Amino acid sequence: MTQQQLVTAGTKMADVIHMNHLLLPVINRFGIRLGFGDQTVEEVCAQYDVNLSFFLDIVNAYHDETYFPREKMRAYPVDMIVDYLLKTHDFYRQKMLPETQQLVEDLIGSCSTDCDNLGMIKDFFSKYKKELENHLRSEEEHFFPYVQALTRIGQVSQGLEEIRSAYNFSYDAHSEEHENVVSKMLDLKNIIIKYLPPDYDNALCNNLLYWLFIFEKDLKDHERLEDIILLPALRKIEQQLMQNSG
Amino acid sequence: MAQHIVIAEPSYLMKRGISAVISDILQAEVVFIDELEELNHYLETNTADFVFIDVRLLHSKDQREIFFQLRGNARVVALTGKDKNIPASRHFHDIMNRYASKEEIIPVLEKLLAETPENKNKNALLSERETEVLKQVALGYTNQQIADRLFISRHTVISHRKNITSKLGIKTVSGLTVYAVLNNLIPRDQIE
Ligand SMILES: [Fe+2]
Ligand SMILES: [Fe+2]
C-alpha cells in the first residue's frame, strides 16, 4: 500500500491530519480549527476565508520535502507570506519555546545526584531561547516590515534608500542568525542523544526529544520559506526599484 | 550518524526516485534543491556528505566554479542522461545514468559510501590534537588565537574543527563547550 502524498482541494481535511499529524499547528496558523467533519480542504478554506492555493502549497511543502514550487510561491502577495510567518513566530514564542523550557526543567528536576552536568543542558537551552527570541524580534523589526514597505513604495513618498535606512536590514546578519538557530537546535538534539549524562529519567527525556524533533522540523520549514521564498522576492523588488530609479 | 545528502535535480520523478533508492541502503537526511544558485547558497552554510547533481544544472560556468569550491568534502555524483559530454567531468566522483538498472546503481552507491572519510573513521574518538583544539574552542578562543597557542596554522585549526564536528555531530561553539564540560575536558568554572 502506498500512502497518499499530495493534499489537493478535494482531500478531506480530516484525512490531512491522519496523513501527517505534524500539520496540526500549520493548519492552526491559518486560523483553522478542528471539527471539520467530512468537509474538504476547499470547503474548509472557503469557510475560514483562507487562500486555497497558498494553503495547499504550504501544507504540501511541509509534508513532502520534494514539493516546493519556488516560482509559484514567490509570486504570492508578500503580505500573505509575512502573515503566515508572523503566526509561526507567535507559535514559537507562545508555545514551542515555553513548552520546551518546561520539558528541559522537568528533565533537570528528575536528577538526584551529580546534577551539574544536566544543568549545562539547561543553560545551553536558556541561551538558545534568548537567541531565537532575538532572531524573531529582529525579523519583525527589520526584515518583514522592510519587504512590506518596499511593496508599497508607489503609494508613499519615500524612496528605496530612505526605506532601506529606516529598517536597516542586513542580508549577512540575517543569514548568520539562520545558520545559528538551526545549528544549535541540531547540537542540542545530538548532545542529548549522544552525550547525555546518565542520571536522567527516560520518559522525561523522551518527551523532550520528541518535542525537539517536532520543533526542528517546523523551524527548518520556516527558515526555508524565509530564505528561499521571501528573500529572493525581496531581492527582486529591490532590483526592480533600482532599475526604475537608475 | 545520518549522512547528509543533497539532491540537486529539478525533475520531481527523479528526486523521488533517487531518495527512495538512497534510503534503501543508508540512513540519510536528504535536502532537495532545484537550482544551482540555491545549491551554492545552501553550501555556504551547510556541509553535505553527498551531492547528486543533474548535469543540466551545470551550464553556467561561474556558478559551476563556485559550486566546486563550496562542495568541501562532499562526494559529487553526476546524474546524466543520454548526453555523452559532461561538463567538468573530472570534478565528479561518480556518474549515475538515469537509464541505469538497479544492479548498476546500488554498487555505485555502496562504493561511494565506503569511500567517505567519515565512514573510514566511523566511531573514531577524537585524536589528541583534535581534543586539544576542542578544549581551546570550548574555552572561547578564536581560530587565530588557537593557531597561535598551539603553534599550528589557522588552516589546520579549521580542518581540525571540521573533523571534530563530523565526529561528534556538534557544530556550534556553545554546543562544543557543553560537550567538553560533560566529558571533563575542561572544568565547568572555566567557561563564561
Ligand atoms: Fe522567522
Ligand atoms: Fe528566520
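How many helices and strands make up the secondary structure of chain B? The secondary structure of chain B comes to nine helices and five strands, whereas chain A has ten helices and zero strands; helices are DSSP runs of H or I with at least four residues and strands are runs of E with at least two, numbered from the N terminus. This is a predicted model, in which local features need pLDDT of at least 70 and side-chain atom pairs count only at pLDDT 80 or more, while totals for chains, interfaces and linings use all residues. Residues are numbered from 1 along each chain as its sequence is written, chains are lettered from A and ligands numbered from 1 in the order in which they are written, and side-chain values use heavy atoms, with hydrogens and water left out.

**Chain architecture**

- Along the sequence, chain A reads α-α-α-α-α-α-α-α-α-α, and chain B reads β-α-β-α-β-α-β-β-α-α-α-α-α-α.
- Taken along the principal axes, the C-alpha atoms of chain A fill a box of roughly 65 × 50 × 25 Å, and those of chain B fill a box of roughly 60 × 35 × 25 Å.
- Of the 246 residues of chain A, 50% count as buried; for the 192 residues of chain B the figure is 46%. Buried means under 20% relative accessible area, exposed means over 50%, and partly exposed lies in between, with a 1.4 Å probe and protein chains only.
- Among contacts in chain A between residues at least 6 apart in sequence, 76% join residues at least 24 apart; the corresponding share in chain B is 59%. Contact means heavy atoms within 4.5 Å.

**Iron ion (ligand 1)**

- The protein donors of this ion are His89(A) through NE2, Glu139(A) through OE, His222(A) through NE2 and Glu226(A) through OE, at 2.0 to 2.2 Å. Donors are N, O and S atoms within 2.8 Å of the metal (3.2 Å for Na, K and Ca), and water is not among the atoms, so sites may look incomplete.
- The arrangement of the four donor atoms around the iron ion (ligand 1) is irregular because they subtend angles of 82 to 177°. Four donors count as tetrahedral if all angles lie between 85 and 135 degrees; four count as square planar and six as octahedral if opposite donors are over 155 degrees apart and all others between 65 and 115; anything else is irregular.
- The sequence spacing of the donor residues of the iron ion (ligand 1) is H-x49-E-x82-H-x3-E.
- His89(A) belongs to helix H6 (residues 78-109) of chain A and Glu139(A) to helix H7 (residues 116-151) of chain A, so this pair ties together parts that are 50 residues apart in sequence. Both His89(A) and Glu139(A) are buried.
- Thr88(A) is also placed in helix H6 of chain A and is buried, with a relative accessible area of 1%.

**Iron ion (ligand 2)**

- Glu139(A) bridges the iron ion (ligand 2) and the iron ion (ligand 1), which lie 3.1 Å apart.
- Glu139(A) in helix H7 of chain A and Glu226(A) in helix H10 (residues 202-245) of chain A link distant parts of the chain, 87 residues apart. Glu139(A) has a relative accessible area of 0% and is buried; Glu226(A) is likewise buried at 0%.

**Helix packing in chain B**

- The axes of helix H6 (residues 128-138) of chain B and helix H7 (residues 143-150) of chain B come within 10 Å and cross at roughly 130°. Axes are lines fitted to C-alpha atoms, for helices over the stretch in contact, and angles run from 0 to 180 degrees between N-to-C directions.
- H6(B) and H7(B) are therefore oblique to each other; angles under 35 degrees count as roughly parallel, over 145 as roughly antiparallel, 65 to 115 as roughly perpendicular and the rest as oblique.
- In H6(B), Arg129(B), Glu132(B), Val133(B), Gln136(B) and Val137(B) meet Ile146(B), Arg149(B) and Leu150(B) of H7(B).

**Positive phi values outside glycine**

- Asp49(A), a residue other than glycine, has a positive phi near 60°. Asp49(A) lies in the loop between helix H3 (41-48) and helix H4 (52-63) of chain A and counts as exposed at 72% relative accessibility.
- Phe151(B), a residue other than glycine, has a positive phi near 55°. Phe151(B) lies in the loop between H7 and helix H8 (154-168) of chain B and is exposed, with a relative accessible area of 77%.
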